[in-house]
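Hi everyone, thanks for making time this morning. Let me put the model up on the screen, and then we'll walk through a few places in it together.

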Amino acid sequence: MPIEYSNREKSYELYRKGKREGTWDPDDYDLEGDKEDWAAFSEDEQEQFLLTCAGFYDGEEDVTRTLAPYMMALDALDNDEMPFDTVQEEIYLAQQVYEEAKHTDLFSRYFEEVFETQDTEPLREGGYQDEGYSTDNLYDTADELLAAINSGDQQELVYALGEAYLNYMGIVEAQLARSGYLSFDQMIELKADEMGRDVVLESFQEAIGRVRQDETRHIENGRWVLSKLAEAEPDIVTDVYEPRIDEYVQNRIVGAQRREMPFEGYDARKIGKQSIQYLQDTIDYIGADRFDEYSDVQRAVQAQRAAD
Ligand SMILES: [Fe+2]
Ligand SMILES: [Fe+2]
């Protein structure tokens, strides 16, 4: 046995938390009420809501299918040389991949029963995968991890893992998915207000609440690993993390295309502000003083906007 399970690290504690919190079942939700509510959405509202849901449906499938190499890469690291226990982290990821599969399962059921389609292709063409940073990138990331495993070079492996965790947990989960939840919140609240109701799409909101709880653990574990990899290889922050963060900021914050939203009173600016705070939280967790340009995200964003 390679590790002492009595010496539990963050990853193991999150795994234990997941055993208690992550036991919900997408099949338990009755979707009849949601179907009735859905019929009350206008065509434009349906299109916008579907666009966001399609991003999640595809995204959940993408994260489910690309996580396995992370476990293999951790296993190829020399555990004694690392400032964290790679085996406890593998145990954590084993749980995460199951949870991602369950999230895919939820969207699959919802598309089938409420939206009455499984076809997200036309929605992809509508643009959500073209806005500069998509979950399609995760397949390349997984390939790069496999190449690093085959190289057998420890530093290359640490760098490849750092890039992979930053893409997956640092950007896709901590930034893209979380701004998507804020968008759902606004669309649903505004629609409920318009209809004089407390809530619409109640089962969707409840189930998404469970997904968000799972994702909070994924993000926390991801940040923790990013900080540990920075401890192992301090240059990883400016060599790997910062260029990826910069790419995200250029494409999704500074260069964000605001689309016309059909929901009366929708506030995209509020979501943009919150995403900057999310990014700052990740950077603070890793250690803001390790970064060159992005120790203060708000300031970096303003400087880039002024330069444009
Ligand atoms: Fe997920
Ligand atoms: Fe996740």
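Let's begin with a question: with which side chain does the side chain of Thr120 make a polar contact? The partner is the side chain of Asp58, at 3.1 Å. By polar contact I mean a pair of N or O atoms within 3.5 Å; within protein, one must be able to donate a hydrogen and the other to accept it, and residues adjacent in sequence count only if both atoms are side-chain atoms.

A word on ground rules: this is a predicted model, where local features need pLDDT of at least 70, side-chain atom pairs count only at pLDDT 80 or more, and totals for chains, interfaces and linings use all residues. Residues are numbered from 1 along each chain as its sequence is written, chains are lettered from A and ligands numbered from 1 in the order in which they are written, and side-chain values use heavy atoms, with hydrogens and water left out.

Back to Thr120, which sits in the loop between α5 (86-115) and α6 (121-125). Helices here are DSSP runs of H or I with at least four residues, strands are E runs of at least two, and both are numbered from the N terminus. Thr120 has a relative accessible area of 8%, so it is buried. The cut-offs are under 20% for buried, over 50% for exposed, and partly exposed in between, using a 1.4 Å probe and protein chains only. Leaving aside residues up to four places away in sequence, Thr120 touches Ala54, Tyr57, Asp58 and Phe111, where contact means heavy atoms within 4.5 Å.

In that loop between α5 and α6 we also find Glu116. Glu116 is not a glycine, yet its phi is positive, about 55 degrees. Most residues other than glycine have a negative phi. Glu116 is exposed, at 64% relative accessibility. Leu201, in the loop between α8 and α9, has a positive phi too, about 50 degrees, but Leu201 is buried at 1%.

Now, the metals. Which residues donate to the iron ion (ligand 1)? They are Glu60 (OE), Glu100 (OE), His103 (ND1) and Glu215 (OE), at 2.0 to 2.2 Å. Donors are N, O and S atoms within 2.8 Å of the metal (3.2 Å for Na, K and Ca), and with water not among the atoms, sites may look incomplete. The four donor atoms subtend angles of 92 to 153 degrees, so the arrangement is irregular. For reference, four donors count as tetrahedral if all angles lie between 85 and 135 degrees; four count as square planar and six as octahedral if opposite donors are over 155 degrees apart and all others between 65 and 115; anything else is irregular.

Glu173 and Glu215 are both buried. Glu100 bridges the two iron ions, which lie 3.4 Å apart.

One last stop: Ser42, in the loop between α2 (32-39) and α3 (43-66). Ser42 is partly exposed, at 34%. Its C-alpha is 9.6 Å from that of Phe263, although 221 residues separate them in sequence.

That's my tour, and I'm happy to take questions.
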